[in-house]
Amino acid sequence: MKHPAQIAFEKNLKFLNKDIYPADFFRMLFTESPKIRVARAGEADFPTGEVVLADPIAYLGTRYETVLQKKIPAGSYPVELSVCLSRIVGLRVAAARLLIRENPAVSYEIAMPKGKEREDLGMPGVFTFFGVDAGLACFADSRLSEENRTFFEQWEKENPGKNKYLDYFAALFQESREAHPEFQNQGTGFLEWKLPKSGKRAVLFTSGMGDGIYSGYWGMDAEGEIVSLTVIFLNPEYF
C-alpha cells in the first residue's frame with residue numbers, strides 16, 4: 001500500500017507517467033515562502049560518484065538500498081532540505097536536494113536504478129523508488145554504504161541487544177537539533193554523519209510524514225547535464 005504522502009503527490013503531479021518532468025514544482029519546493037524554509041543540512045562525500053538512496057537505519061548497505069544508474073563526478077556536494085512549516089503537522093521535510101552543479105535545472109527526469117535506463121520505465125519488475133521503514137532517508141556514496149555495513153556489523157557484535165537508532169544515532173541527531181533548532185524538532189531532523197573509519201560524510205534526514213516509498217529525480221540544465229538530485233516526500237499544498 002502506498003504512503004498517503006506518495007498518493008497526494010501523485011494526485012498533484014499529473015505528469016508522473018512521463019519520463020521527463022517540468023521544473024516548476026521542483027522550483028517551488030526550494031523557494032522560501034511563509035510555508036517553506038530552505039535549510040542547509042550538510043555536505044555529502046562521493047568518492048566513487050555512485051549514488052545510493054536508502055533508509056540509513058533499515059536498508060543502507062543491504063540489498064534493499066537503491067543504487068542509481070547515473071553517476072555524478074566524484075566530489076563533495078551540499079544537501080538542502082525543503083522544510084514545510086505546516087499548521088497541521090508542524091515541521092516536516094518536504095524534499096531533499098543534492099546540489100551537483102550551480103546551473104539551474106530546466107527539466108527533471110526520474111532517477112533509474114542501476115542496470116536500468118529510462119526506456120525501461122514502466123516495465124514489469126522495474127522499480128524507481130526506495131523504501132523507508134525507519135522514518136529516515138539519506139544521500140550516500142556506494143563506498144560509504146559498504147563502510148556503513150561493515151561498521152554496524154561490528155557495532156552490533158560489540159553491542160548485543162542495542163538499537164542502531166536509539167543507542168547510536170539518537171544522540172547525534174540531538175546534537176544537530178541543538179545546533180539548528182529553527183529547522184528541527186523531535187519528529188523532524190537531519191544529520192551530516194561522518195563515518196567513523198574514513199571520516200567521509202553522508203547526509204541523513206527525516207522523510208516527510210515517515211515511512212513509505214519515494215523516488216529520486218535528476219535535475220537537468222539546458223545542455224542536458226545533471227545539476228541536482230531531488231527526493232520528494234510530500235506536497236506542501238496538502239499540508
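Begin by selecting residues 142-158, helix α3, and residues 165-179, helix α4: the two pack at an angle of about 125°, with axes 12 Å apart. Axes here are lines fitted to C-alpha atoms, for helices over the stretch in contact, and angles run from 0 to 180 degrees between N-to-C directions. Helices (H or I, at least four residues) and strands (E, at least two) are DSSP runs, numbered from the N terminus. The pair α3 and α4 is therefore oblique; angles under 35 degrees count as roughly parallel, over 145 as roughly antiparallel, 65 to 115 as roughly perpendicular, and the rest as oblique.

Next, show the side chains at this contact: Phe151, Phe152 and Trp155 from α3, and Asp167, Tyr168 and Phe169 from α4. Contact means heavy atoms within 4.5 Å. By class, five residues of this contact are nonpolar, none is polar and one is charged. Ala, Val, Leu, Ile, Met, Phe, Trp, Tyr, Cys and Pro count as nonpolar, Asp, Glu, Lys and Arg as charged, and the others, Gly among them, as polar.

A note on the source: this is a predicted model, in which local features need pLDDT of at least 70 and side-chain atom pairs count only at pLDDT 80 or more, while totals for chains, interfaces and linings use all residues. Residues are numbered from 1 along each chain as its sequence is written, and side-chain values use heavy atoms, with hydrogens and water left out.

Now select the sheet. Its five strands form an open sheet in the order β4-β3-β9-β11-β10, with antiparallel pairing; two strands pair if DSSP finds at least two bridges between them. Which strands stand at the edges? They are β4 (66-71) and β10, each with a single partner strand, so one side of each has no neighbour in the sheet. On average, neighbouring strands are turned by 20° against each other, direction ignored.

At one end of that order, strand β3 (residues 50-54) is joined to β4 by three bridges, and the two run antiparallel. Pick Leu53 to find one of the pairs: its bridge partner in β4 is Thr66.

Return to the helices with the sheet still shown. Helix α3 packs on the sheet and touches β3, β9 (136-141), β10 and β11, its direction making about 115° with that of β9. Helix α4 lies across β9, β10 and β11, at about 115° to β10.

Leu195 sits in the loop between β10 (190-194) and β11 (201-206). Is Leu195 buried or exposed? Leu195 is buried, at a relative accessible area of 2%; buried means under 20%, exposed over 50%, and partly exposed in between (1.4 Å probe, protein chains only). Its C-alpha atom is 7.1 Å from that of Asn148, 47 residues apart along the chain. Leaving aside neighbours within four places in sequence, Leu195 contacts Leu144, Glu147, Asn148, Lys200 and Ala202.

Ser176, in helix α4, is buried at 10%. With the neighbours within four places left aside, Ser176 contacts Gln184, Phe190 and Leu191.

Ala23 lies in the loop between β1 (20-22) and α2 (24-29) and is buried at 5%. The C-alpha atoms of Ala23 and Tyr108, 85 residues apart along the chain, are separated by 6.4 Å.

Finally, colour by pLDDT, the predictor's confidence in each residue, from 0 to 100. The chain mean is 89, and 90% of residues reach 70 or more. Residues 1-19 have pLDDT below 50. Where pLDDT is low, the predicted coordinates should not be read in detail.
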